[in-house]
Amino acid sequence: MEPYRPRLHFSPLHGWMNDPNGLIKVDGAYHLFFQHDPDSITHGPMHWGHARSTDLVSWEELPVALYPTELGTCFSGSAVETADGELKLIYTAHRRIDDEDYQVQCLVHANRSLSTYRHDEKNPVLDNPGLPCFRDPKVIWHAPSQRWIMVVTHGQSIGFYSSPDLSEWTHESDFGVGHGRHSDGPWECPDLFPMTGPDGAEHWILLVGVGSGGFAAGSGTQYFVGQFNGRAFINGNRPGTTLWLDYGRDFYAAQTFFDREGADPIVLGWASNWQYARSTPTEAFRGVMSLPRTLSLVEARQGLRLTQSLPAAVSAALNASTEPGVYRQKMELPLAIGQSMDIALFAEHEPQFRITRTATDEATILVIRSQTPAMPAFGHNYGVPASFPKAGPLLLDIHVDRGVVELATGDGLIWITQLFYPHRPESVT
Ligand code: FRU
């Protein structure tokens with residue numbers, strides 16, 4: 001019996017999982033690699049686990065893809081397909097030298113079915129430039145300059161590198177100082193991709209993880225909207241603007257699928273938080289992913305913002321679910337100004353959300369989660385500001401999968417991903 005194993009959110013059969021890695025769509029299949037310790041349910045020597053899906057609904061777990069080498073354990077990274085149809089993985093090899101972290105970037109050649117792997121003889125293809133935190137390479141093809149671009153953690157900034165061949169890398173620029181949210185720890189797991197705005201123009205999105213100091217305490221994922229000229233990222237908003245891809249406590253290390261066909265970006269995050277990830281109450285495995293979510297760029301009240309929606313097959317699967325504890329609840333909340341409504345998703349449990357209309361066009365979504373003795377940092381109540389539509393009720397779309405909850409507003413502008421561990425996750429109020 002595994003009461004906390006979700007059905008639509010990916011989880012490994014055994015062992016520990018954190019960040020999604022190497023997301024790529026090839027020959028109609030989505031490949032999901034992930035930070036994995038197959039031998040324990042805590043963060044140990046990292047490997048890359050591997051799973052595949054043709055519909056983003058059911059996942060088949062495959063043999064472990066990357067094992068630690070003499071250069072270190074396998075931290076996060078990405079996957080690309082070249083114009084010749086070759087598949088490559090780029091990851092951080094992490095080791096300790098004289099009690100300090102030493103992180104370098106490595107290249108791996110894979111066959112077309114992503115079942116065999118050959119580490120490049122030159123590894124590391126990008127050596128450490130003297131930074132204690134130098135990790136999580138996300139590589140994209142930049143068509144205008146006909147070069148590969150790597151975004152990678154540079155301590156509290158993101159480093160931008162270019163390469164003609166994935167082997168020789170040149171440092172181009174850094175982005176981060178004075179921009180967005182910073183905390184004591186490094187910025188982690190960047191991603192960079194272009195999107196077409198409602199104006200028909202191209203804009204660039206930079207995703208950045210903040211390990212501690214996220215919107216709701218602990219790990220969080222922010223994004224920037226701007227331009228990328230092949231060398232540097234130019235923030236389109238004032239430096240102090242902080243945008244959150246998710247306002248929950250359990251959405252981190254988000255990455256989009258590499259897709260040569262250029263479909264709308266689909267993002268996946270690790271649904272946990274470093275504040276308590278190592279002590280969540282599961283036994284055979286520990287760690288789940290968020291649902292895959294398709295991104296769009298819209299003109300919102302304050303400017304260009306990302307919205308998220310479920311890919312059609314995921315949406316249909318959740319709508320059709322007859323499994324206890326796996327369902328979708330759409331709600332319409334008219335609410336008068338000053339009025340509140342509680343949403344309780346699990347029997348025998350406190351409400352998880354309290355929605356209050358604070359003004360004609362404003363609401364607060366209070367997220368409620370209490371402490372558990374095993375996870376002192378787990379309990380935390382906090383408010384998320386939301387907008388009422390110009391006319392009509394506030395629409396909510398709540399995705400529930402055995403205690404993994406993703407609440408979205410009807411316009412897709414706000415997502416709140418939260419883990420809950422109710423006594424009976426299969427029960428509905
Ligand atoms: C983010 C992270 C990455 C690192 C990986 C190690 O959650 O800390 O920066 O590559 O996890 O497992």
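**Strand pairing, ligand shell and domain contact**

In the predicted model, β18, β19, β21 and β22 form, in that order, an open sheet of four strands with antiparallel pairing. The edge positions are taken by β18 (252–256) and β22 (303–309); each has a single partner strand, so one side of each is left without a neighbour in the sheet. From one strand to the next, the twist averages 40°. Within this sheet, the antiparallel strands β19 (residues 266–270) and β21 (residues 293–300) are joined by two bridges. I266 has T294 of β21 as its bridge partner.

A second open sheet contains five strands in the order β4-β3-β2-β1-β20, and its pairing is mixed. Its edge strands, β4 (60–66) and β20 (285–286), each pair on one side only. The pairing between β1 and β20 is parallel and rests on two bridges. Opposite W16 stands R286, a residue of β20. In general, the strands of a sheet pair through backbone hydrogen bonds, in either a parallel or an antiparallel sense.

At least two residues of the ligand shell come from each of β1 (15–26), β5 (73–81), β13 (187–196) and β18. There are 13 residues around the ligand, and those that come nearest are Q35, F75, S76, E188 and A253. Divided by class, the shell comprises five nonpolar, four polar and four charged residues.

At the level of the whole chain, the division is into domain 1, residues 15–312, and domain 2, residues 325–419. The centres of domain 1 and domain 2, taken over C-alpha atoms, are separated by 28 Å. In the contact, domain 1 is represented by 25 residues and domain 2 by 21 residues. On the side of domain 1 that touches domain 2, the most is given by β22, with four residues. The side of domain 1 that touches domain 2 is made up of 10 nonpolar, 10 polar and five charged residues.

The record assigns "domain: Glycosyl hydrolase family 32 N-terminal" to residues 9–302. Over that span the chain is 50% strand and 0% helix, with the end C-alpha atoms 32 Å apart. The annotation "domain: Glycosyl hydrolase family 32 C-terminal" is listed by UniProt, also in an unreviewed entry, for residues 361–425.

The peptide bond joining N123 and P124 is cis, with omega at about 0°. P124 is placed in the loop that runs between β8 (117–119) and β9 (138–142). D136 is likewise found in the loop between β8 and β9. The phi angle of D136 is near 70°, which is a positive value in a residue other than glycine.

Terms used:
Residues are numbered from 1 along each chain as its sequence is written. This is a predicted model: local features need pLDDT of at least 70, side-chain atom pairs count only at pLDDT 80 or more; totals for chains, interfaces and linings use all residues. UniProt positions are given in the numbering used here, feature names are shortened, and annotations may be inferred rather than shown by experiment. Two strands pair if DSSP finds at least two bridges between them. Axes are lines fitted to C-alpha atoms, for helices over the stretch in contact, and angles run from 0 to 180 degrees between N-to-C directions. A residue is near a molecule or strand if its C-beta atom, placed from the backbone, lies within 6 Å of it. Ala, Val, Leu, Ile, Met, Phe, Trp, Tyr, Cys and Pro count as nonpolar, Asp, Glu, Lys and Arg as charged, and the others, Gly among them, as polar. Domain bounds come from an automatic or database domain assignment. Two residues are in contact if their C-beta atoms, placed from the backbone, lie within 7 Å.
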